[in-house]
Structures are given as C-alpha cells and as structure tokens.
Amino acid sequence: MADVHGMCEDRFGEVRDLLAASLDKDDVGASVAVHVDGEPVVDIWGGYADAARTVPWERDTITNVWSTTKTMTALCALILADRGELDLDAPVAAYWPEFAAAGKEHVRIRHVLSHTAGLPTWDEPMAVEDLYDWHGATSRLAAQAPRWEPGTEAGYHAITQGFLVGEVVRRVTGRSLGAFFAEEVAGPLGADFHIGLTAEHDHRVAPNIPPPSPSDSSGNPPVEPADANTAAWRRAEIPAANGHGNARSVGLVQSVLACGGTLRGVRLLSEAGCERAVEEQYQGFDPVLGARMRYGMGYGLVGGARTCSWGGRGGSMVLIDLDARMTVAYVMNQMLEQGRLGDDRGLGFVLAAYEGLAA
C-alpha cells in the first residue's frame, strides 16, 4: 500500500487506510484532516505533487481547491454579519449602489449566499482572463438583470458568487476579499490558506491534474483545469474558485464554525453567528447542478440540521458538523469527474471519520 505520512489517532485508523487505498487507486497526491473540538485527530498526506510522480506531496504542499474556496468566502461574510457590519437580509445595493441596476434592487445578501440571486453566470461572453479584472467582472454583474425573481429559485453561482460576495466585502471593509481573509481569518488562526497566492508560495503548489475523461467546459467563461495551473490564476482573487490550501488548513479554518466561533483562543464569531451558516435558505431542484439541493448561508446543508458542507470541482471537500464539533477535509491534485456533484472520495473519508468518532 502507498505510504501515508502524518499523525492519525488510532480510532481513526480507517481514515488512514482509506487514504492509502485511494493513493493506490485514484489519487496521485492528497491530504486528509479531521478536527474534533478544533484539535487535529487526523492530519495525513501522501503520494505525489506532480502527474509524473517524481515530486513527493509534502506536509506543506498546497493546491487549488476550486469551489471549496466558497466556504472561506462565506465565512468572511458571516464574520462581518456577526460584527454588525453586514446585514444578511439587506439588499446588496445597500452596500453596492450600482448593483440596483436592471431590476436587482431587491436582491439580498442571503440570496447571493444561497445561489438564489439570479446571477448564476455572466450574460456577456467572458474569457478566463476577464476573471483577473476585478472591476470589470463585478461591473458586468452589477449591470445585468437577474434571470429569475431573486429568492424564488436556485441556480449554482459557480464563479459569480465569489465576485458578488467579494465586492460586498470590499465595499464594507475597504479591503479585497483575499486581504480580509488573510488578515482577519488565516492570519489569526495560522492557517495556510490563500485567496490570491503570492509568488513566494509557487514552489509548494501541486498542479491540478485534469480528469482522465474530462467533460467539455461549457461555462461562461469556460474554465479548464489547466487554467488553475497558471501564475495569472494564482495571483488573481477568484473567491469562489481559486483558493489554495491543503486539508489541514481547510479543516482548521472551518473548525471555527464547528467550535462555536472560537478556535485556539481566537474568537471570530459568536455561537449565534455560527448558526447563521445552517439557516436553510432554499430547498429544491438546482438546474445548474441537476440535483435537489439545500442551501444555507454560503454552505450546502447535509444530513442533520446542523451539518453543512461544500466541495470543489474535481473532488476536494470539507464537512462541518456543529453538533459533533468536527470537520473533515480532503484536498487532492488528481481531479475526477463523476457528475456535477463530484465523486465519492471525499464522502468515504467523511464516513470513516464518523466511524472513528463513534469508536
């Protein structure tokens, strides 16, 4: 079996075994972390950082996690709401006046967080390079009309959600989403997660490896896995899709929610502020994802009433259980595509973690 490095409490041995098996089968390089009460009980990694399997995946290897980034962006909005600086029920235009154009005066912050704002993509044709122009990308969204009455339907805002939330954060704080996250979240927690990656970290990045049978990119803009491996993508801030980290940092940050808002002596949210994440905003069919979904404030709701999760294109994911005070995170470089909701690797680690928790 493949070598697995790091620490794993005995009761979570099934998680370690599963990573070894996955590295022998589907994965090239990957990391898995389980935190309980904010403390790591599993922090493991293995495999390789490159497709040629010549560079080992190290403890500090990071990679682009695609839409798992959305959990970080949502957390920033929840923090501002808890501080009283952002009203989740207020119109977006209360903070971003230009956004009221074309019938969007009633789009609320909670609509943006729950994919019900009616702006699942841009109307004008976009190229990947247009995502690197923050003002251009947000101005186009501010000018266009919603595709449905906001709050009545859902349609996954795969890329646009990050620009929408990010611009609100910028208007409220005067800082970009990436800067706010770095200064208010990652920095205080000591978390190795970045939205907008500086060149000093490039040597630690494991490039995304495209799926063996990739599907055609039909979005607007059409984003290919290889786009994430460019310096331009890493330097930009795409708060729905270009966060870089590993399972340890993803799980650590999201443990803030699992632990009632305080982690390692750092208080980022009140307990009530954490509960906002699991307030159901929509339940029903999402035609973009082609599945029935339950959306809270920036997170998908799963299982129990106080459990939320989200994942990224190709396989990365994080689950947060507020009752068990547990997070389970999985980050890898080999992307798989087994449908619009991803593959089942992450789910396997979640189930194994619950087995360990019950032991």
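The largest cavity in this predicted model is lined by A77, L86, V92, I109, V112, L113, L164, V165 and V168. The model is predicted, and local features need pLDDT of at least 70, side-chain atom pairs count only at pLDDT 80 or more, while totals for chains, interfaces and linings use all residues. Residues are numbered from 1 along each chain as its sequence is written, and side-chain values use heavy atoms, with hydrogens and water left out.

**The cavity and its lining**

- A cavity is a set of points, on a 1 Å grid over the protein atoms alone, where a 1.4 Å probe fits but cannot get out, and its lining residues have an atom within 4 Å of a point.
- By this rule there are three cavities of 30 Å³ or more, and the largest cavity holds about 40 Å³ of space, a volume being the space filled by probe spheres set on grid points that are joined across faces, edges and corners.
- The lining of the largest cavity has nine nonpolar, no polar and no charged residues, where Ala, Val, Leu, Ile, Met, Phe, Trp, Tyr, Cys and Pro count as nonpolar, Asp, Glu, Lys and Arg as charged, and the others, Gly among them, as polar.
- Helices α3 (109-113) and α5 (160-173) each supply at least two residues of this lining; helices (H or I, at least four residues) and strands (E, at least two) are DSSP runs, numbered from the N terminus.

- Leaving aside neighbours within four places in sequence, L113 is in contact (heavy atoms within 4.5 Å) with A74, A77, L88, Q161, V165, G296, M297 and G298.
- L113 and Y282 lie 169 residues apart in sequence, and their C-alpha atoms are 11 Å apart in space.

**Nonpolar cores**

- In soluble globular proteins, nonpolar side chains tend to be buried together.
- A nonpolar core is a set of buried Ala, Val, Leu, Ile, Met, Phe, Trp, Tyr and Cys residues joined through side-chain atoms within 4.5 Å, and the largest one here has 76 residues, those with the most contacts inside it being L131, F181, L189, W233, L257 and Y299.
- The largest share of this core, nine residues, comes from α2.
- Leaving aside neighbours within four places in sequence, L257 is in contact with L75, L78, L269, C274, A277, Y299, C308, I320 and L322.
- A second, separate core of 24 residues includes L19, L23, M317 and V350.

**D286, a buried charged residue**

- D286 is found in strand β9 (residues 282-286), and D286 counts as buried because its relative accessibility is 0%.
- The side chains of D286 and Y295 are joined by a polar contact of 2.6 Å, a polar contact being a pair of N or O atoms within 3.5 Å, where within protein one must be able to donate a hydrogen and the other to accept it, and residues adjacent in sequence count only if both atoms are side-chain atoms.

**Backbone features**

- Most residues other than glycine have a negative phi, and most peptide bonds are trans.
- The peptide bond from N220 to P221 is cis, with omega near 0°, and P221 is in the loop between β5 (194-195) and α7 (231-235).
- R53, which is not a glycine, has a positive phi of about 60°, and R53 counts as partly exposed because its relative accessibility is 40%.

Key. Buried means under 20% relative accessible area, exposed over 50%, partly exposed in between (1.4 Å probe, protein chains only). On a 1 Å grid over the protein atoms alone, a cavity is a set of points where a 1.4 Å probe fits but cannot get out, and a pocket is an open set with protein on both sides within 12 Å along at least five of seven lines; lining residues have an atom within 4 Å of a point.
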